[in-house]
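User: Hi! Could you walk me through this model, starting with the overall fold and then the domains?

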Amino acid sequence: MEHLVEVQDLKKSFLTKGGIFGKSSDVKAVDGVDLYLNKGETLGVVGESGCGKTTLGRLVLRLIKPTSGKINFDEVDITNLSERKLLWLRKRTGMVFQDPSASLNPRMNIRSTLKRPLVVHGIKDKNTIQKRIIEMLEKVGLNEDQLERFPHQISGGQQQRVAIARAIMLNPDLVVLDEPTSSLDVSVQAQILNLLLKLQRDLNLTYLFITHDLVVERHVSDRIVVMYCGKILESADTDELLGNTMHPYTVSLFSSTPIPNPHLKSTNRFIVGGEPPSLIHPPRGCRFHPRCPYAEGKCKKVEPKLVEAAKDHFLACHKFEEIDLLTYVKRFWKLMERLN
Amino acid sequence: MKISNILRLMFGYRTSCIGALIILAVSSVAIAADVIAPKHYSDVDIVKKLQPPSWKCIFGTDHYGRDVFSRVVYGTRIALWVGLLVVLVEALVGVGLGLIAGYYGGGLDKVILAITDMTWALPPIVLALGVITLIGPGLTQVVAAIALVSWPPFTRVVRAKMVSLKEREFILAARSIGESSLNIIFRYLLPNIVPSIIVLMTLTLPSAILSTTALSFLGFGAQPPTPDWGAMLSEGAAQLIIAPWIATFPGIFIVITALGFNLLGDGLRDILDPKLKI
């Protein structure tokens, strides 16, 4: 299958200044990531907050400049292109952000917000613009009478629909969705997810779907990449990753999904303690070892490489052959199924 | 926010309502000066010099026998005109520099900030006096001098707003659809700063009026017989003991006008942007 996006050994660090006497230090938000996106698929990126998944999304769209590594979009190297030379990429990509009220200009009404992508990319004819706006409104399920409103005059769900319409206004190939549902009500979340799936089918879109919610990923993604502390720990097709989970971090990630059952015993859960490590001084060896219940000598010293542990199932863990997590995994999905 | 909403809030809020009414009254006086003033501001009647206020001549006359009321009324025009002009020029300079400093950051930001702080650190009247000695006295020169020394608050406020707005997601969203820097500044950032600029303008207008009167009082501004309030104050100061009305009435008008703009500015700040603190 043809790759739309290829990312090789991508790194991005942000410089933080430490006051007058403090040393400035590097925050390594993304620290050596390889991935690819097939045309028309949805790649899910999961991880807890601060693991670098948002930075990764912005890097892929070249909204920020990588520190090192390589990004290809449709076989064109976009790693070091200047803003002016990226205009074609802006036309072929879109982005939807987590908080729709923050991602829409508060002083721009819906009509202007939707008009801008067309104007920027040289569509000046008023009738064409009007037709396109109406067509998009219908696609995302909004009414024409909302066009003159300002973002604060419509609901959160409607705001997110506007943001989605803006992102797909120019028929892009790739849309990066950065937690598009996590600031919405649960009832609206499902609507937006279904809308996104429908749009993908209709417009043949490729999604990079960033979220911390594995249950949402299961619903939308074809493949999933699990990130931790700027690195990829596990990646596989959705069914394989969730049915045959191998990395302890991935299990802990979906095991932390709240299950509304008061009789559920905590022993049925696989929960790790501690907090995500500092991105300035990441732990030596495996980055997950301070929180991993199975960690031992080697984990603390040698950083595991991403290897193919099963067919198309990549994993960065020294101990996957010794530990058995399948009991937890099976029990968890059984519980989830019983709820549905 | 729609203009009708702002107007409704403005008159529903006591501070800004009083301020707006004062400014409305002062502006009407300025517009209708020819109708309100019984005489022209430079009509000299030496026989009736230094007359105290009476029903015929409610603010009295000065030492040339000119009607103080007429001169105060015509002075409204100059005060408002000069005040507005000064504030507009200040805003133009200050906002321009603030936009550049806030958007581009880095070395340019540091240079602009240094110039801003240095200008701000010097006492404005002294600095304005220095400028006037260079370019000569007169009302236009006063406008230029004051605007040249009192733009720093605009730069500071605009820059601070830019720095925080720049990090908001809608700016990133604008970049993701391919907007140019110029479009991002003028279509996305500036519209979100305009309320703060308007508030700052109403709040700096009184000090602009006060500075012009101060310079005129010192003899650098309007030259006689222009009915400038500051110039009238300084002429009246010589006769303060025998004819206190000559200086008192322009003084009262200066205070009222400045107060009106201050009240309106305070009210507008609460209505448009409760978070703005100057």
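Predicted model: local features only at pLDDT ≥ 70, side-chain atom pairs only at ≥ 80, totals over all residues.

Here are a few questions and answers about the chain and its parts.

User: What is the radius of gyration of chain A, and why does it agree with a compact globule?

Analyst: Chain A has 340 residues, and a compact globule of that length would have a radius of gyration near 20 Å. The value for chain A agrees with this, because it is 21 Å.

User: Of the contacts in chain A between residues at least 6 apart in sequence, what share joins residues at least 24 apart?

Analyst: A contact here means C-beta atoms within 7 Å. Among the contacts between residues at least 6 apart in chain A, the share that joins residues at least 24 apart is 65%.

User: Which domains is chain A divided into, and what distance separates their centres?

Analyst: Domain 1 of chain A covers 3–227, and domain 2 covers 239–339. Taken over C-alpha atoms, their centres are separated by 28 Å.

User: Which element gives the most to the side of domain 1 of chain A that touches domain 2?

Analyst: The contact takes 14 residues from domain 1 of chain A and twelve residues from domain 2. On the domain 1 side, the elements that give two or more residues are β2 (25–38), α8 (214–220) and β9 (223–228) of chain A. The one that gives the most, with five residues, is β2(A).

Terms used. Residues numbered from 1 in each chain as written. Chains lettered and ligands numbered in written order. Rg over C-alpha atoms; globule rule 2.2 N^0.38 Å. Contact = placed C-beta atoms within 7 Å. Domains from an automatic or database assignment. Helix = DSSP H or I, 4+ residues; strand = E, 2+ residues; numbered from the N terminus.
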